[in-house]
Structure formats: structure tokens, C-alpha cells
Amino acid sequence: MSRVALEHITKRFDDVVAVDDLTLEAHDEELLVLLGPSGCGKSTALRIIAGLEAPSEGTVRIGDRDVTDAEAKDRDVAMVFQSYALYPHMTVARNVEFPLRARRVPPAERDERVAEAARALDITELLGRKPAQLSGGQRQRVALARAIVRRPQAFLMDEPLSNLDAKLRVQTRAELVDLQRRFQATVVYVTHDQVEAMTMGHRIAILDRGVLQQVDAPQAVYERPANLFVARFIGTPPMNTIEGRLTGGADHLVFEASGVTVALPAGLASATMSASPDRVVLGVRPEDLRLDPAGSLTAKIILIESLGHERHLVVRLDDGQTVIVRQPGDQTPPRDGEAVTLSANPDSLHLFDADTEQRISS
Amino acid sequence: MTADAAILPGPVTASTEVATRRRGGPSRRVRLLGRYLLLSVLAVIVLFPIYITVVNSLLRPAQIASQPPTFFPTHPIFSTYSDAWSSGHLGHYLFNSFVVTIIIVGGQVLTSILAGYAFAFLKFPFKRALFVLFLATLMIPFEVTVVQNLTTVVSLGIYNTYAGLAAPFLAWGLGVFLLRQAFLGIPRDLDDAAALDGYGNWRFLWRVAVPLARPSIAALTVFSFLTAWNQYLWPLLVTKDEHLSTVQIGLRQLRGTSLENVNITFAGVIIAVVPLVVLLVVFQKQLIRGLTAGAVKG
Ligand SMILES: Nc1ncnc2c1ncn2[C@@H]1O[C@H](COP(=O)(O)OP(=O)(O)OP(=O)(O)O)[C@@H](O)[C@H]1O
Ligand SMILES: [Mg+2]
């Protein structure tokens with residue numbers, strides 16, 4: 001397997017900039033996830049790696065080779081499509097061996113490799129069937145087998161799980177991770193599902209409107225989102241954000257919004273002093289807020305969503321903003337409409353510059 | 001024409017039938033009865049001329065002209081068929097028709113596949129305009145271009161040859177349209193997958209696109225065969241030797257000999273139609289699928 005690198009890739013469709021100066025590398029044997037909302041340019045970036053789309057600017061490298069001008073078939077990457085893209089008129093066996101036929105692999109070796117791929121994906125009994133006679137999950141495995149059989153430099157996957165039902169998706173997710181490990185594959189994996197990204201990715205690259213927002217390990221992205229977009233995009237329910245200003249001195253910095261005052265911990269305060277923004281956005285994840293009789297924030301419960309193991313409390317602050325509090329299922333639930341006080345874990349506050357939307361922190 | 005009348009009501013009845021079945025009740029039977037009645041009338045309208053032709057081919061010439069007309073031959077004469085075959089040289093004419101028709105069908109299917117693929121999958125300048133131009137040719141009756149075609153064929157030196165008989169029909173706008181539509185129905189992901197699997201346009205066309213467009217190709221084959229087989233004006237103009245005449249020209253010569261043999265002409269007509277009937281029966285299933293391919297998904 002090989003690394004896959006995009007260097008200053010820009011792709012324009014007429015007046016739409018689908019990918020904007022993207023520099024990104026999937027290391028050898030890494031599962032890199034491209035994550036972002038619909039239309040952010042994930043698929044376009046993947047298709048540029050595959051050679052199905054030519055970049056307007058920039059360089060694509062696979063291994064040590066500059067493949068920017070190479071044709072798709074010469075790039076030695078395999079792709080798994082959301083639609084699976086199986087050839088409906090061919091049996092599963094023919095589908096899987098189709099790429100080998102194109103490369104004139106001798107029949108004996110072909111059969112051997114098809115059998116091997118079929119075993120790896122547990123589709124040996126399906127080899128004689130046509131795609132129409134398969135379930136969604138089985139089709140998905142065939143598509144994976146067709147990718148694996150080629151032994152490519154890298155795998156590209158565009159939302160391969162999105163056509164599966166929720167249960168099968170969770171199961172297949174684990175199988176994909178296992179497969180990636182067994183084949184020590186370099187995988188670029190596109191999804192708009194942050195749970196998939198968090199659970200599967202070695203690193204996550206978050207895109208918004210064609211621009212790379214942050215690349216890091218899932219936990220790092222979650223704990224230290226680089227900007228407001230990432231902060232709000234990663235995590236369910238999403239991070240609460242409150243816009244306000246900073247008052248007080250270096251030793252006692254306070255975040256103030258209408259009806260809300262939060263004292264900032266020393267570490268955050270010193271970082272803030274050097275940046276000294278006018279307006280800031282305070283971010284706090286729902287699990288970092290808790291009902292606390294001694295808390296400084298007064299609020300009113302307006303909705304309780306129970307998921308069994310936890311509850312999402314939608315509360316309204318005095319100034320009318322709503323925030324979400326995550327409460328473990330074993331704590332006593334508040335009543336609807338009840339007035340409560342909240343406190344936030346001071347070590348897990350996130351502060352962003354309201355103008356640049358960038359993270360402010362040490 | 002017979003094909004249209006017989007086939008087109010197919011999908012319509014199928015869908016309405018489902019609807020009525022769901023509604024149920026006695027009105028359903030009335031509706032069904034009405035529908036079959038209508039279809040039967042249409043069938044009679046279509047079949048009657050063919051029936052009369054068969055009857056007339058079995059009568060003596062005097063009976064054919066008599067009033068009231070005979071609708072059922074009490075003493076059928078079957079020798080008209082062997083007479084038509086031998087005295088009309090129908091065997092030879094049928095052979096000519098086969099050769100010319102096969103060249104035309106082969107040419108049309110091939111050019112339609114290639115052009116249809118280009119319009120569906122390739123990017124090139126003036127694609128839209130060219131496609132509209134292709135469609136526009138469908139609005140020009142053949143008679144308008146016949147003189148120009150004739151001079152072209154003469155100047156190419158293929159007047160009075162099989163090539164001359166076939167040349168103007170080797171490409172057909174409707175065929176290109178039909179296959180473009182069929183190719184557009186193929187998911188683009190398949191194209192992309194094939195590109196990554198190592199297949200260029202040419203191999204993708206023959207290994208994936210053509211097999212998937214088979215119903216439409218079958219439909220085109222049949223339509224193309226029908227029109228080529230039934231040609232009259234062009235073969236008349238472009239041949240001067242009788243040994244190149246197609247069966248439709250041969251039939252005219254059969255009639256030309258004398259009016260007393262009109263029953264033999266009718267027999268000849270029936271013989272000339274047999275290949276078409278065989279073709280329709282063989283391709284029936286594919287043809288219906290091809291006609292409904294765009295309308296019904298799956
Ligand atoms: N062939 C094209 N022609 C014109 N615009 C395109 C083309 N392909 C993509 N775009 C535009 O580029 C942008 C990015 O599209 P892309 O398909 O990469 O998004 P995506 O992140 O994969 O979204 P999704 O999650 O919905 O699949 C969109 O605004 C889209 O409209
Ligand atoms: Mg996409």
C-alpha cells in the first residue's frame with residue numbers, strides 16, 4: 001500500500017469552487033476520513049484522487065508518483081461507490097474478476113484471486129448470482145471484493161455504508177475496520193456521518209464548502225476543534241455556543257453574555273489575553289454542563305429527550321438562548337418547565353474568536 | 001404499423017388493470033369486458049386486410065372480382081403459392097431483400113450504437129447542436145432527399161449494386177436517439193467503476209453498455225428490419241437489373257404480368273410477409289421491453 005497526497009488541489013465547476021486549495025495526505029496504511037456536510041466537496045476530492053475528475057490546480061500523488069495527469073486506470077487505486085456500481089448483467093464472480101480481466105491476469109491466477117477475495121468477504125456462495133438477486137449488504141461486500149481483488153495501492157470509498165440499514169451499518173463498519181487492518185490498506189473514506197468518522201478514522205479531515213477545516217485524530221478533533229464550524233459539526237448533540245464578550249483582568253477573566261457570566265480558568269485566560277478579541281463565542285459540550293444547585297447559570301427546562309442511557313435536556317437561559325445538557329440516565333430527571341441552575345466544567349470550555357471563528361486557546 | 005397497434009396498449013392495460021383490481025367490485029368486470037372489446041375491435045381492424053389477402057390468394061381470379069365478395073374460400077387453390085414462388089422468382093428476390101436488409105440493419109445498429117454512446121457518454125464540442133441536427137433529419141421525408149441520394153450513389157459508382165441499395169440507410173436518426181436514451185439510463189457510476197477497473201470507452205461500450213442496452217438494440221433491430229424490408233421507392237430507383245430487385249419490386253412485376261394472376265400476387269404478398277412475422281414472433285418479448293424500457297423502471 002501507499003500514501004495518497006493532495007497538494008494545493010482546487011477544483012472549479014464553472015463558477016462553483018467545489019474544492020479550494022486542499023492539501024491533505026493519507027499516510028501509508030492509514031484510514032483517513034473525509035467528513036463534511038452535503039456539498040462540501042468530499043466526493044469531488046475523492047474523484048480527483050481516483051482520476052475521474054481532473055483538478056483545476058494542484059498535484060495528486062500516489063506513492064511517490066505524481067499521477068495528476070495519469071488516467072484513472074493507471075493510478076492503481078480501487079473505489080467503492082455508494083451505489084456499489086456492480087455490473088447488473090454479470091454474475092458476482094464476473095463482477096469481481098472484471099478488473100483482473102482488464103489487466104490481462106492469467107485465468108488460473110484470476111480464479112485464485114477471486115476465490116481469495118470471496119473468502120475474505122464471505123461471499124463464496126454468492127459467486128453464481130446476479131447483483132439483482134443480492135441484498136444491499138451482500139452487494140456491498142461484492143463491491144468490496146471487487147476492490148480488494150485488484151490489490152491496489154489505495155482504496156477510495158464514497159459513503160459505502162449509507163445505503164445499509166442502521167444495524168447492518170454498525171456491523172459493516174466494524175468489518176471494514178478489520179479488513180483495513182488485515183490488508184494494511186491505505187483508505188480514503190468519505191462520509192457525512194460523524195459517528196462513522198469518529199469510530200473508523202485514524203484521522204479525520206473536516207471540509208466545509210471546499211475548504212479544509214481541520215485534520216487530526218478523532219479524539220483530538222473532538223477535544224480541540226480548530227474553529228466554530230468543527231465545534232458545531234462534531235458531536236451529538238452539538239456543542240452549545242454562546243456569543244458574548246470578555247471582561248475583567250488577566251487574573252480574573254470573565255465571559256459575559258446577557259444574563260450569563262462564566263469565570264474562565266487561568267489557562268484559557270492567559271491565551272485569551274494575548275489574542276484579546278472583542279467578541280468571543282464560548283463553547284461548551286452538552287456533557288460538560290450539569291444540573292448543579294450551586295451553579296451560576298439559571299435556566300428553565302423546556303424539553304426532555306430520553307434515550308434510555310442518557311437524557312438530553314433542552315433548557316432556556318435567562319437571555320432566551322437555548323442550550324442542551326446531557327444527563328446520564330441514572331440521575332434523577334428534572335421536571336418539564338422546572339427552573340434549574342447549571343454549572344459548566346471549567347476545564348472543558350472552548351473559546352472562539354467571534355470574527356474569525358478560530359479557536360482561542362493555549 | 002401493425003406492431004404499434006398490437007403492442008402499445010400493453011403497458012397501459014397492465015397498469016390500469018392493477019388499479020381496477022384494487023378497487024374491486026362488479027364494475028371491474030364491466031371495465032375489463034370493455035377493454036377486451038376495444039382491443040378485439042382494434043385487432044380485427046389490423047387483421048382484416050391480412051385475412052382478405054390470405055383468402056384472395058386462395059381464390060380463382062374471377063371470384064376475387066365478383067360481388068358480393070367471398071370471405072371464405074370453399075374450394076381453396078393452394079397452387080397459387082407454388083406458382084408465385086416459381087414464376088415470380090420470389091426465391092431470388094427474397095434473397096436480395098435479405099442481403100440488403102441485413103446490410104442496412106447491421107449498419108444502422110452499429111452506427112446507432114456508436115453515435116448513441118458518443119451522445120450519452122462522451123464530451124465533445126457542439127454535442128447538443130449535433131444531436132438536435134440528428135433529430136432534425138427525422139423530420140425530412142425520404143422523398144425529399146431521394147434525388148440527391150441517387151446522384152450521390154451514381155457518382156460513388158455504386159448504382160445498381162447491393163451497396164447502392166443500402167447506402168442511404170446505414171445511419172438513422174431515430175436509432176441514434178433510441179440508443180442514446182438507453183445508454184443514458186445506465187448509471188454513471190458504472191462508467192466510473194469501469195474506468196477504474198481498467199476499461200476505456202471502447203471496451204466499456206461492448207462489455208457493459210451494449211449488454212445493458214440489449215432490449216433497445218433488439219427493438220431497433222426489428223424496426224430497422226421492418227422498414228428496410230418494406231422499401232419500395234429506393235430499390236426501384238437505384239436498380240436497373242432484375243437480378244438485383246428486392247422482393248417488393250418483384251411483387252410488382254408479379255402483378256404486372258397479367259390481371260388474371262391476381263390471386264398469385266396475393267400469394268406472393270403473403271410469402272413476402274412471412275419473414276417479418278417470424279421476426280416479430282422471435283423478438284416479441286425483447287421488443288415490448290424495448291418499447292417500455294424508458295417508461296417503466298426496472
Ligand atoms: N460535475 C459537476 N458539475 C458541476 N458542479 C458539480 C459537479 N460535481 C459536483 N459539483 C458541485 O461541487 C460541490 C461539491 O460536490 P460534491 O459532490 O463533492 O459534494 P459532497 O461533499 O460529496 O456532497 P454529498 O455529501 O451530498 O455527496 C457541490 O456544490 C456540487 O454542486
Ligand atoms: Mg458525495
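In chain A, strands β15 and β19 (residues 339–344) run antiparallel and are joined by 3 bridges. Strands here, like helices, are DSSP runs numbered from the N terminus, with at least two residues (E) for a strand and at least four (H or I) for a helix; two strands pair if DSSP finds at least two bridges between them. A:Leu289 stands opposite A:Ala344 of β19(A). The two strands belong to an open sheet of 5 strands in chain A, ordered β15-β19-β16-β17-β18, with antiparallel pairing. Because β15 (289–291) and β18 (322–328) of chain A each have a single partner strand, they stand at the edges, and one side of each is left without a neighbour in the sheet. From one strand to the next the twist averages 45°, where axes are lines fitted to C-alpha atoms (for helices over the stretch in contact) and angles run from 0 to 180 degrees between N-to-C directions.

The model is a predicted one, in which local features need pLDDT of at least 70 and side-chain atom pairs count only at pLDDT 80 or more, while totals for chains, interfaces and linings use all residues. Residues are numbered from 1 along each chain as its sequence is written, chains are lettered from A and ligands numbered from 1 in the order in which they are written, and side-chain values use heavy atoms, with hydrogens and water left out.

A second open sheet of chain A has 6 strands in the order β6-β7-β8-β3-β9-β10, and its pairing is mixed. Its edge strands are β6 (77–80) and β10 (211–216) of chain A, each of which pairs on one side only. On average, neighbouring strands in this sheet are turned by 20° against each other, direction ignored. A:Val80 is found opposite A:Met157 of β7(A). Helix α4 (residues 136–148) of chain A packs on the sheet and touches β6 and β7 of chain A, its direction making about 175° with that of β6(A); touching, or contact, means heavy atoms within 4.5 Å.

Now for chain A as a whole. Its secondary structure comes to 9 helices and 21 strands, and its C-alpha trace spans about 75 × 45 × 35 Å along the principal axes. Of its 362 residues, 51% count as buried (buried means under 20% relative accessible area, exposed over 50%, and partly exposed in between, with a 1.4 Å probe and protein chains only). Among contacts in chain A with a separation of 6 or more, 64% come from residues 24 or more positions apart.

A:Arg146 lies in helix α4 of chain A and B:Asp197 in helix α11 (residues 188–197) of chain B, so the pair joins two chains. A:Arg146 is buried at 3% relative accessibility, and B:Asp197 is buried as well, at 5%.

Over all chains, the count comes to 22 salt bridges. One of them links A:Arg3 with A:Glu25, the closest N and O atoms being 3.1 Å apart. This pair connects distant parts of the chain, 22 residues apart: A:Arg3 is in the segment before β1 (4–13) of chain A, and A:Glu25 in strand β2 (residues 16–26) of chain A. A:Arg3 is partly exposed at 24% relative accessible area, as is A:Glu25 at 26%.

In chain B, B:Ser112 is found in helix α6 (residues 90–121) and counts as buried, with 0% relative accessibility. Leaving aside neighbours within four places in sequence, B:Ser112 is in contact with residues including B:Trp172, B:Val176 and B:Leu220. B:Ile249, in helix α15 (residues 247–257) of chain B, is buried too, with a relative accessible area of 4%. B:Ile249 touches B:Tyr232, B:Pro235 and B:Leu236, not counting residues up to four places away in sequence.

Note on methods: A salt bridge is a side-chain nitrogen of Lys or Arg within 4 Å of a carboxyl oxygen of Asp or Glu.
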